[in-house]
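Dear colleague,

I am handing over the structure below, and the notes that follow set out what was found in it. Please keep the sequence and the structure open beside you while you read.

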Amino acid sequence: MPLIRVEAGRAAALDDAFTHVADDAPLPEAGGAIVSLARFIKDRDTLLARNAPIGVRLKPDETPEGLGPDLARLLVVAVEFPKFADGRGFSWARMLRTRLGYKGEVRAVGDFLYDQISHLVRVGCDTFEPTHPLTADDFNRALSEMTYVYQPSADGKRTIRELRAEK
Amino acid sequence: MYRYDEFDAKFVAERVAQFRGQVARRLSGALTEDEFKPLRLMNGLYLQLHAYMLRIAVPYGTLNARQMRMLAHIARKYDKGYGHFTTRQNIQFNWPKLVDVPDILADLATVEMHAIQTSGNCIRNVTADHFAGAAADEIEDPRPLAEIVRQWSSLHPEFVFLPRKFKIAVSGSAHDRAALKFHDMAVEIVRNAAGETGYRVLVGGGMGRTPYVGYVVGEFVAKEDILAFLESVMRVYNQSGRRDNKYKARVKILANALGPEEMHRQVMREFEEIKQAGTLQVPKEELDRIDAYFAPPKFEALPDAMPKGDADFENWVKTNTHPHRAPGYAIATISLKPIGGVPGDATDAQMDALADLMDQFGIEEIRVSHEQNLVLPHVRKKDLPAIHARLAALDLATPNAGLITDIIACPGLDYCDLANARSIPIAQDLSKKFADLARQHDIGELKIKISGCINACGHHHAGHIGILGVDKKGVEFYQLQLGGSGAEDASIGDIMGPGFGEHEIADAVERVVDLYLKERQGGERFLDTYRRIGMEPFKNVAYREQLYAAHTG
């Protein structure tokens with residue numbers, strides 16, 4: 001599956017510059033690698049000394065605050081959704097953006113559904129690796145379904161209250 | 001009443017279109033039932049024992065005549081001619097077809113209604129004191145806040161896949177008519193020593209298999225900070241609420257595990273951050289704008305005396321009218337508990353006739369109460385005799401508000417997929433047993449609440465007398481609980497012991513009530529007597545027949 005990126009409200013497919021590396025697998029010679037938080041903590045110095053982009057994958061029970069000051073050195077934080085009903089990832093993505101001020105790529109990975117796409121974008125995810133066969137067209141359709149939002153989140157979208165105040 | 005502007009209207013219309021797409025994908029097989037389930041639930045659609053059930057939101061329980069007429073239309077066109085008002089101030093239709101549901105939602109949108117988040121693991125429809133804006137004892141109308149909360153919580157991207165459902169109630173009066181302490185989160189409008197009004201926030205109440213009374217997490221939250229504060233609680237819950245066990249996933253479990261101090265600490269950490277960001281502050285202009293929608297009707301200067309009438313009228317006035325803040329006005333409860341009827345049910349003809357009555361008497365709104373009755377919040381006292389006569393003709397003038405036959409009951413095994421036992425027939429038996437009005441008056445305030453399973457939709461934990469239906473090897477049994485209260489003196493009822501059979505439970509309740517009549521002192525209510533003398537004497541009389549059978553059998 002290609003990676004899908006959403007930028008300024010539009011989705012497009014692109015090649016993934018990163019590889020997910022299992023905890024017991026060797027790192028690729030070149031190119032970006034995404035490792036688990038456990039491996040990142042264990043091999044931190046080696047990983048950061050490696051002359052290639054690095055990303056970390058968070059399980060639903062792993063808060064991004066566990067990354068500490070190393071966060072700024074990561075190009076990708078992948079938020080896992082092993083089951084679509086587990087909504088902790090929504091809070092982790094939002095926290096990465098608004099509390100931790102993370103500017104890199106926040107990637108939603110896993111079992112999320114078409115109908116969760118707009119929520120994921122709102123909380124600050126900008127790339128997507130869905131288990132389900134979702135295309136960039138699906139993303140664009142999902143993102144066009146609801147024009148207005150009531151509450152601020154991590155996407156900077158103007159809320160209904162702000163739009164009312166402008167009238 | 002709140003009116004949608006162009007933004008609200010488009011939001012709901014697009015949501016209907018979105019759901020139409022979801023239903024089409026389900027019907028074509030593109031969505032599996034497992035995938036469709038959280039989506040339909042977020043639009044109030046359940047799959048029950050016999051059919052789909054659609055739960056429509058009545059935000060903070062307030063309806064106008066147009067909306068009431070639309071509910072009648074839906075009952076007639078898409079259902080079997082009736083609807084069921086619930087303990088969450090919503091209305092449920094029990095027989096819609098899946099293909100019709102998008103059309104029902106589109107019809108609702110034309111009268112500014114929806115079914116958004118009436119189910120699912122998200123922030124549910126916000127409930128409020130059903131006497132809001134009318135009660136003599138109120139500090140402020142809590143509904144503007146409820147509307148602000150409704151908007152903030154609608155499709156909140158961070159909180160639509162919570163560990164479990166999340167219910168918020170609001171009240172503006174020290175006399176709690178909204179069961180605040182049994183909600184996941186509740187906001188009570190309070191006044192501080194300086195005379196300013198603000199919000200006291202409670203968290204962690206709930207019923208179900210592990211009932212808890214909520215505790216205070218914010219003693220006095222400034223009005224403009226309230227959304228920031230509520231969002232803070234939601235964040236703590238979404239991050240730390242248990243997801244390993246459905247039965248331990250409600251916020252009450254987390255709140256109890258953390259305790260008030262740690263919960264407060266975690267909430268305040270989030271709160272400071274959100275407040276600093278400033279994005280959730282509610283500016284005064286917005287508070288004022290929403291407030292204006294809920295301005296009370298212009299009250300006429302009227303004499304305050306209650307008109308006289310026949311005995312039926314006098315009896316109805318005695319229990320079904322309540323003090324209003326304006327002289328010459330009253331609040332009137334329309335009982336949906338006719339003797340031997342189904343608690344909370346109303347027919348399409350009754351709903352239409354109520355809408356006509358509202359128009360005729362210039363009554364702009366009607367309320368749904370969590371006790372499954374309807375309420376006319378602003379009625380001229382001089383109109384009461386005519387209104388009573390009309391209600392009587394509609395079989396809606398049962399004079400039993402707050403009395404022993406004003407029973408709350410969940411739909412139970414007659415409808416519900418989760419139920420272990422039937423609730424409705426038990427409510428009907430009890431209602432018939434205590435039908436005599438003089439006896440009901442003698443018994444006084446006594447709240448019976450019946451649930452058909454441990455999920456406690458019938459609020460049995462909070463009943464002065466609670467009844468819980470259980471299943472024992474395929475046979476329905478009913479456990480008695482005594483001493484619960486959903487009011488400001490909130491308490492969880494004590495379980496008496498083993499359950500009673502379907503045909504024994506009403507007699508057991510009668511023995512319990514008779515003992516109260518014998519033991520009460522002064523003006524004690526049943527609840528007061530129970531709190532004074534405890535379970536033992538009640539237990540002894542309730543099981544009398546079983547004990548007799550054990551000794552002789």
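Between the two chains, 27 residues of chain A are in contact with 29 residues of chain B, a contact being a pair of residues whose C-beta atoms, placed from the backbone, lie within 7 Å. This is a predicted model, in which local features need pLDDT of at least 70 and side-chain atom pairs count only at pLDDT 80 or more, while totals for chains, interfaces and linings use all residues. Residues are numbered from 1 along each chain as its sequence is written, and chains are lettered from A and ligands numbered from 1 in the order in which they are written.

On the side of chain A that touches chain B, the elements that give two or more residues are helix H3 (88-98), helix H4 (117-122) and helix H6 (160-166) of chain A, and the largest share, five residues, comes from H3(A). Helices (H or I, at least four residues) and strands (E, at least two) are DSSP runs, numbered from the N terminus. By class, this side of chain A has 10 nonpolar, eight polar and nine charged residues, where Ala, Val, Leu, Ile, Met, Phe, Trp, Tyr, Cys and Pro count as nonpolar, Asp, Glu, Lys and Arg as charged, and the others, Gly among them, as polar.

Chain B is assigned domain 1 (6-109), domain 2 (135-289), domain 3 (311-393) and domain 4 (408-552), with bounds that come from an automatic or database domain assignment. The C-alpha centres of domain 1 and domain 2 of chain B lie 27 Å apart, and the contact takes four residues from domain 1 of chain B and five residues from domain 2 of chain B.

One open sheet of chain B has five strands in the order S6-S7-S8-S9-S10, with mixed pairing; two strands pair if DSSP finds at least two bridges between them. Its edge strands are S6 (127-128) and S10 (215-221) of chain B, each of which pairs on one side only. S6(B) runs parallel to strand S7 (residues 168-171) of chain B and is joined to it by two bridges, and B:Ala128 stands opposite B:Val170 in S7(B). Helix H5(B) packs on this sheet, touching S6, S7 and strand S8 (185-191) of chain B, and its direction makes about 155° with that of S7(B); axes are lines fitted to C-alpha atoms, for helices over the stretch in contact, and angles run from 0 to 180 degrees between N-to-C directions.

The axes of H5 (residues 143-153) and H8 (residues 284-293) of chain B come within 9 Å and cross at roughly 115°. In this pair, B:Pro144, B:Glu147 and B:Ile148 of H5(B) meet B:Leu287, B:Ile290 and B:Asp291 of H8(B), a contact with four nonpolar, no polar and two charged residues.

Finally, B:Leu403 lies in the loop between helix H11 (384-393) and strand S16 (408-409) of chain B. B:Leu403 counts as buried because 25 other C-beta atoms lie within 10 Å, the terms being buried for 20 or more such atoms within 10 Å of a residue's own C-beta, exposed for 12 or fewer, and partly exposed in between, with C-beta atoms placed from the backbone. Not counting residues up to four places away in sequence, B:Leu403 touches B:Thr319, B:Gln440 and B:Leu446.

With best regards
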